[in-house]
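Hi,

Here is the structure I promised to pass on to you.

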Amino acid sequence: MNTRSDTRAGNDALRSAAVSYATLARVFSAPAFLLLVATVVAPVFVVVLISFTDYRLGRLTLNVVGLGNYTRLLSDPFFWGALRNCAIYTAIVVPISVFGALYLAVLLDARRQSRRFYEIVFFLPVTSTLTAMSIVWSYLLNGHIGPLAHLLAGLGLPPVDFFADGTLALIGLSIIGVWHLIGFNLILFLAGLTVISSELKEASALDGMDGFWDRLRYLTWPLLAPTTIVIFVLSCIQAFQVFDTVAVLTNGGPYGATEMLLHKINTDTFTALKAGYGSALTVVYLVLIGTFSLLQVWLGNRKAHF
Amino acid sequence: MAGHSIDIRDLEKRFDRTQVLKRINLHIREGEFLTLLGPSGCGKSTLLRLLAGFEPCTAGRILMDGRDILPLPPKARDIAMVFQSYALYPHMTVRGNLAVPLEMSRLTFLQRLPGAALLSPRVRCIRKGIAGRVADLAEPLGLTALLDRKPAQLSGGQRQRVAVGRAMARHPSVFLMDEPLSNLDAKLRQDLRAEIIDLHRRTGITFVYVTHDQSEALAMSDRVAVMEDGEIRQCATPHEIYDRPDHLSVARFVGATAINEMPATVRLGAVSVNGVPLQLNVAGLPDGEYRLAVRPERLHVVDDGRHDFSLPVDQIEFTGNEVGIRCNGAQIGAGTIRVQLRPENFARLRQGRAAGERIPLGIAEGAALFFDASGRRVSALPLPSRRVQEVRREHAV
């Protein structure tokens, strides 16, 4: 080393300075990192570990059962029922809340003075407590005492009780889901619409795209495509997480017709105290939501197409 | 292609309480290159947007070749427009951008549905015509190699050409341009300025051009309409706008170097500034206080003693093709007085003189402009002339 020139020594000094800089950076970010591990990463690991045991909530002992919980899960008709209900619910709620919000956003974007008012009105459901609003909805959709019942009776139609019938109960929950989600999507679409400058709209009017459908097809829709993808995936995640309305209104009934994944996890883990089995369900749920999230990241990265 | 004439009569525009345009009257001749010039907020862009039909006007009429166009939607007005931001469709290729106005005008809603070209030979034929027209548009603009690119992949100048191409697609009779060069760098602006003038000459259609750049307006236009506070102050040829501004605000706004202003007193045709008598006679101008304005290049260095005033030099700037001298005008009740000389004249002046001392200045013949208290020009034609006895003296020599 002694025979080497000063520059080499200088380089070494620089490198050690860089190392200490990196160490310093790690030290500073350690609290945040540890907090993240303790609150997010560790619980997920614990859940995965518990899913391989027959642990029951409150007990002090547990046995490792390997993939036992998972094989039981695959042969459990209520799990498949919950998954199916979740899928149907998502299939109803997502398209209506996404395209409905797009339609409303395009209409609202053309308004000047009333725009703020409608934004607030449509956003109110997002800010409200869904648990409390579920009770209001149960009254609105009630087959005997609600305004819907009076309307149907007034028209001479037979009464419809949403939460007594299996198929209708799922539709009833979907209506509330759409009501709750559409305002959020609307705000996102309105933000996306700011991409379309007034000059662009004027240019399109000059070029003959002045009809509602022409403008939607040639200008608004293509330019909103990246926003739409994000909103679509977010809505899927939201719809898959449906819980409050189920817990308050139907409790999964009648006869499991509205049993959803999150609600089943809750029932199995905290009511039936089967923590091991509940953890296996949670792992399945995490994998599904994780897939949606990955889809969003992947599609989001592709959006730089103009 | 032939341009339309445009007749704007008593046009007014009000946003809520603020009056943006106040009774605009303007006749634009067919095939003319007319520039709306003014500072930002003067209403020039609003006027253009009313012509295009993007906004309704509060009162007045717009006639195009005698036909009232106010009830027509923008697409039916036989106009095209190039926007300041170019407003290209970012999700379409250059080809798509050029083709869209043609598709919208030549194909019906059903014919534009995807797959229609497969089913109908007529649609195929129309689409072929559109493709041909796009190629014809792209060729002279140098866009043929760029047809498959998206606007984000183009330079500023290329985007501007695409915007021009899209505007020309439907053979408009009137071409509106809203500051199309303001987003470009200086060198490119010069080139595209020439291209736009060339486009105007080739097509022969009516151009209405909006800019806040006075040199652009003077260089390009057949006529310039200078706007201020929602009114047209003066509409005339660039020469008249520059040499004979009707209004002090026009004189101030036009010209690369600020015009020199000084308070002047007129008594029986004799002019004095701050008590210093000038070698000027303005017969026919009533006695009173005026503002006298002179362009910097119309002030000369006068060595023979017959100068109007002599002022101390503050600063001398050499810019290659001219020399700018800034003098302290406190003596004549003005701020800085700017003089522009050709370098060879300056070199002659320089001999035997050091900067920092006084230089004797004279106002060139016919260059003095008088404005009254309201800012209106009062120096009636004929132009203010040199004193009669001086002319006589020159004859004697």
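Before the rest, some housekeeping. This is a predicted model, in which local features need pLDDT of at least 70 and side-chain atom pairs count only at pLDDT 80 or more, while totals for chains, interfaces and linings use all residues. Residues are numbered from 1 along each chain as its sequence is written, and chains are lettered from A and ligands numbered from 1 in the order in which they are written.

**Two backbone angles in chain B**

B:Asp229 sits in the loop between β9 (223-228) and β10 (231-236) of chain B (helices are DSSP runs of H or I with at least four residues, strands are runs of E with at least two, and both are numbered from the N terminus). Its phi is near 50°, a positive value in a residue other than glycine. B:Ala87 also has a phi near 50°, and its place is the loop between β6 (79-82) and α2 of chain B. B:Ala87 counts as buried because it has 24 C-beta neighbours inside 10 Å.

**Chain A as a whole**

Chain A is built from 12 helices and 0 strands. Its radius of gyration is 27 Å, whereas a compact globule of 306 residues would come out near 19 Å (taken over C-alpha atoms, with the globule rule being 2.2 Å times the number of residues to the power 0.38). The C-alpha atoms fill a box of roughly 105 × 75 × 30 Å along the principal axes, and 28% of the 306 residues count as buried.

Domain 1 brings 4 residues to the contact and domain 2 brings 6 (two residues are in contact if their C-beta atoms, placed from the backbone, lie within 7 Å).

**Where the chains meet**

In the interface, 16 residues of chain A are in contact with 18 residues of chain B. On the chain A side, α8 (198-206) and α9 (212-240) each supply at least two residues, and α8(A) gives the largest share, 6 residues.

**The bent helix**

Where is the kink in α9(A)? A kink of about 55° lies at A:Ala225, shortly before the proline A:Pro226 (the bend is the angle between axes fitted to the seven residues ending at a residue and the seven starting there).

Buried residues of α9(A) include A:Leu224, A:Thr227 and A:Ile231. Among the elements that cover the buried residues of α9(A) are α3 (77-109) and α12 (275-301) of chain A, together with α2 (94-106) of chain B.

Happy browsing!

Key
Buried ≥ 20, exposed ≤ 12 C-beta atoms within 10 Å, placed from the backbone.
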